[in-house]
Amino acid sequence: MKTWIKKSVAVSLLTVLAAGCSGGNGGTAGGTGDGGKPTLTLWMKKQLFEDQNTMIAERAKQFGEENNVNVNVEIIAYEDFYPKWTAAIESKSVPDVSFFGYQEIGQFYGKGVLEDLSGSISELESANGEIVANTKKAVTFDGKQYGVPFWTETQVLYYRKDLLEAAGFTAPPATWEEFREMAKALTDTSKGLYGAGMGYGKGNSDAEFLTRGIIWSYGGSVDTEDGSDVIADSPETVQAASFIRDIFMTDKSVPPSALGWDDSGNNKAYLSGQAAMIFNTGSVLASLKKDNPDLYEKTGIAPYPAGPKGQFIPGISNYLGIFKDSKNKELAQSLIEYLLDDEWYKTWIEKGAPLTAPVYAELSKEPIWQDEKNKAFVESVEGFYFLGHPGEYNPKAGEAFNLRIVNDMFQKLLLEPSYTPEAAVKELDAKLQEIYGN
Amino acid sequence: MRTKYDNKLAYLLMSPVLVYLLAVMVLPFGWALYLSFTNKVVGMPAVFTGLSNYAELVRDSLFWKATWNTILFTAAAVFFKTVFGMVMGLVLNEKIVFRNLFRVLLFLPWTIPTIVSVFTWQWIYSDVGGVLNFLLLKLHVIDRPLGWLATPDLAMFSVILVNVWRGIPFMGIAILAGLQTISKDIYEAAMLDGAGAIKRFIHMTLPSVKEVTIMAAVMTTIWTLNDFEIIWLLTRGGPSNGTQVLSTLSYTIGFLNMSLGKAIAIAIMTMPPLILLINYVTKRSLTSGD
Amino acid sequence: MENKSIGKQILVYGTLAVMLVFALFPLYWMLNTSFKSQGEIYNLTPTFWPKAFGWEAYDKLISEKGFLGNVKNSLLVSLSVSLFSISISMFAAYAISKLHFKGRNLISRGILYAYLMPRAVLFIPLYMLVSAIGASNSVYGLMLIYPTITIPYATWMLISYFKSIPVEIEEAAMIDGCSRARTLRSIIFPLAAPGLAATFIFSFTLCWSEYLYALVVVTKSADKTITLGLSEMIVGDVFAWGPLMGGSIIASIPVIVMYLFTSKFMVSGMTVGGVK
């Protein structure tokens, strides 16, 4: 009389199998789909402007129709990329084309999983014109490029024209010393107003870039000269660290909660009127235009201030790359070239202006970039420096960036009054040595 | 009667669960365990390196900091969840109006997805437009806005608070369930004896909910120890690694740094203390001999 | 005596009030934010009631972000996984709690060990398993993985529950001539109904709020679950607080409704070891 139980067990087992098997055709990466059509998968970073996301999807669909392939476009938030790449590489079910920041191109190049795309780049350049040299440099290893530049983003200085004027300043700060001076003058804690909105949360990527920009412009470094010997522990790095520490601890020009800010922290501070000057990409300008036209009018945009050694702008450039495990490499290359065809590309890039700036030198001369507020974004590209400076960008520099070692050091420096910049830089140097394997 | 063994029937009944766990948990775990003895990084073949991952971790001060933070986070969170859960259970066990309604309302924090509660609290903690600073300033508890996630101690407090907020209801309902099994007669008898409220609580209430409280606390401990989302989304383990726990450290090393072997080794090192804890509990509850 | 009981009433209701405020304030804040305009949200002084009630956030969620699709996926995964887990766990739990067999201690402990397995350990192996059978990038992959969370939990809860059902009831039924199957079907499982219901709801909640596995397994937008839908409302350094809070409200509703209807079961279902 155990049939009832047996039946239930059988049903349960079948359900297990069904749950396992019904997804049999769910895999999308590689392979061929219905009717023998090959399938291409594109992982694209989710853009702030919805129009840009839609355009990518439409463009990819069009590519599919013209070339008789299925194209899957998957729009993924940047934060979510790392675990996805990892899982995809490990299971060998990689997308054919994927977005990468230049740090990741370096990291993955180091693991030997990316295709050489120098050929695509030269083809694109002969068809559409020159691609900004700086963006190619960041992904060049042994003379070959492992990613095709797709767009750049730039951190610029946002400043409140009205507040600066009221404090008697006629122009935005041209040097870091001027920036410090102005930040101090603009700070008015009784009104909850702070001169400088510089966040140092653990995950904060803005801060990692900004700090490097300052250190470089003082002649310091958090990397190597030749790719092996870390040269962080120098008087110049200490000088830059002291400079940042003074803004926080001596002048108190920064909101006290800034040490906990994630990437959205300085956006919020500026949008709410808490901070008079911040460093950010074009995302703040976009939010301002949409939600706060009044503040938009009062906002001025300028490139990074310069230090004793000149102006150093940490570059943020974005790429499309192809995994070695892709099953349709040739089609994948054509898709990349299709997405970078300058006629369509111009429309797409301008939909995202000024957050996304073009990689074709010619396109940055378009009228949209002559706009007073947009100018600084394309002008900065020429002055881009990348992680690893003064050495070439290398995977270890990317690792140091991802681990937020510089942020860690600064959090500690800005929290503990007894911790000296000298000691902090020494400790930072030791941590970096460890990463570089020394 | 009780000595009869039903081996066949028992294994038949358990077979679906056992098959599933074997295929989807035990085998993957074995593989993961192997990886923890290798230098596996993403995209590269694994090379067996013995205990070197573990040895490296034991020497790493950050690992010990994360271990300490994990213990602090778990102990504090479980303690407060148990205490407030007990209060919630006791209050709901009283004859109050709209008891069912209140029960559901108090249960709500547990029902909503973790990620939702994290976003909400992040917004409450925010220094700009955040309501917590605003309220405390209004009430003159603080004289300037606090950066709830900006200093190590305060950040630890803030992440614990979110975890406790979410976790109280589970403890509360479990304890309430235990309380409702106490017979009213015994209580009344004790009242006649003139036992005071505190005495009654210590000698009668507490012993009778001890089992259920310990069980629920163990469950909660496991959940809390493996908690990843709250800390990752609120602080990423910062500031200055003040809230770096083992789960966030493992994620950072495994996915941002791509050292899978080492990341898995970290996760595996959290298991022995849990196994000890579980052995302690199972000894209590599975005593019926075999 | 009178005085004392009034004092006690004040204490009870006072505590209740404090707990209610603590539990519900964040939820109120969610609701409040979801009706505000983006400009009002970024204000240095928060307002406790939206200046202008707006449904933009919800409108955006449904028409632009396809949030209802996320809700549907989550419902599908959570329901099927919880039902499946319980339907196999209850037999295992019955066997462990009521039958005598070799290796019982080992298995019951093993189930609990399975329960404490950190997700970081299984993360990569499970992803490889899922993509090996071609279920990656779809809700089916989640359906395969989520029982690793729910089965050990459900089995463990149900073991305690079955244990609380006195052996005598079962023995009496068997003596009356019922087969074991019939005893199970018409006596044990009905008696365990509240426990089954409570376990089901808890399992549902665990799946409903899962984020990490979903993040890795599902990429296709049509198959994304609510937790993914929500986390996607943060693009880089811009938080869409309105839709994020609105989505949080929508994501909370199904679970809340479920608890409302079953709140009675919940308490008796959790009465581990205490059925009279």
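Read along the sequence, chain B follows the pattern α-α-α-α-α-α-α-α-α-α-α-α-α, where helices (H or I, at least four residues) and strands (E, at least two) are DSSP runs numbered from the N terminus. This is a predicted model, in which local features need pLDDT of at least 70, side-chain atom pairs count only at pLDDT 80 or more, and totals for chains, interfaces and linings use all residues. Residues are numbered from 1 along each chain as its sequence is written, while chains are lettered from A and ligands numbered from 1 in the order in which they are written.

**Chain B**

- Chain B has 13 helices and 0 strands.
- Its C-alpha atoms fill a box of roughly 75 × 70 × 30 Å, taken along the principal axes.
- Of the 290 residues in chain B, 53% are buried; a residue is buried if 20 or more other C-beta atoms, placed from the backbone, lie within 10 Å of its own, exposed if 12 or fewer do, and partly exposed in between.
- Among contacts in chain B between residues at least 6 apart in sequence, 69% join residues at least 24 apart; two residues are in contact if their C-beta atoms, placed from the backbone, lie within 7 Å.

**Interface of chains B and C**

- In this interface, 81 residues of chain C are in contact with 80 residues of chain B.
- On the chain C side, the elements that give two or more residues are α1 (2-34), α4 (67-98), α5 (104-116), α6 (119-132), α8 (147-163), α11 (193-208), α13 (226-231) and α14 (241-269) of chain C.
- The largest share of that side, 13 residues, comes from α14(C).
- By class, the side of chain C that touches chain B has 55 nonpolar, 21 polar and 5 charged residues; Ala, Val, Leu, Ile, Met, Phe, Trp, Tyr, Cys and Pro count as nonpolar, Asp, Glu, Lys and Arg as charged, and the others, Gly among them, as polar.

**Largest nonpolar core**

- Ile264(B) and Leu142(C) touch the most other members of the largest nonpolar core, which has 308 residues; such a core is a set of buried Ala, Val, Leu, Ile, Met, Phe, Trp, Tyr and Cys residues joined through C-beta atoms within 7 Å.
- Helix α7 (residues 152-179) of chain B gives the most to this core, with 17 residues.
- The core also draws at least three residues from each of domain 1 and domain 2 of chain A.
- Leu142(C) touches Val77(C), Tyr213(C), Ala214(C), Val217(C) and Val218(C), not counting residues up to four places away in sequence.

**Domains of chain A**

- Chain A is divided into domain 1 (34-146 + 316-382) and domain 2 (156-314 + 386-435), with bounds that come from an automatic or database domain assignment.
- The C-alpha centres of domain 1 and domain 2 of chain A lie 29 Å apart.
- Between them, 17 residues of domain 1 are in contact with 20 residues of domain 2.
- On the domain 1 side, α4 (102-110) and α16 (375-379) of chain A are the elements that give two or more residues, and α4(A) gives the most, with 7 residues.
- That side has 9 nonpolar, 5 polar and 3 charged residues.

**A sheet in chain A**

- In chain A, 4 strands form an open sheet of mixed pairing in the order β8-β9-β7-β10; two strands pair if DSSP finds at least two bridges between them.
- β8 (194-197) and β10 (299-302) of chain A stand at the edges, each with a single partner strand, so one side of each is left without a neighbour in the sheet.
- β8(A) pairs with strand β9 (residues 275-280) of chain A in the parallel sense over 3 bridges.
- Gly197(A) has Ile278(A) as its bridge partner in β9(A).
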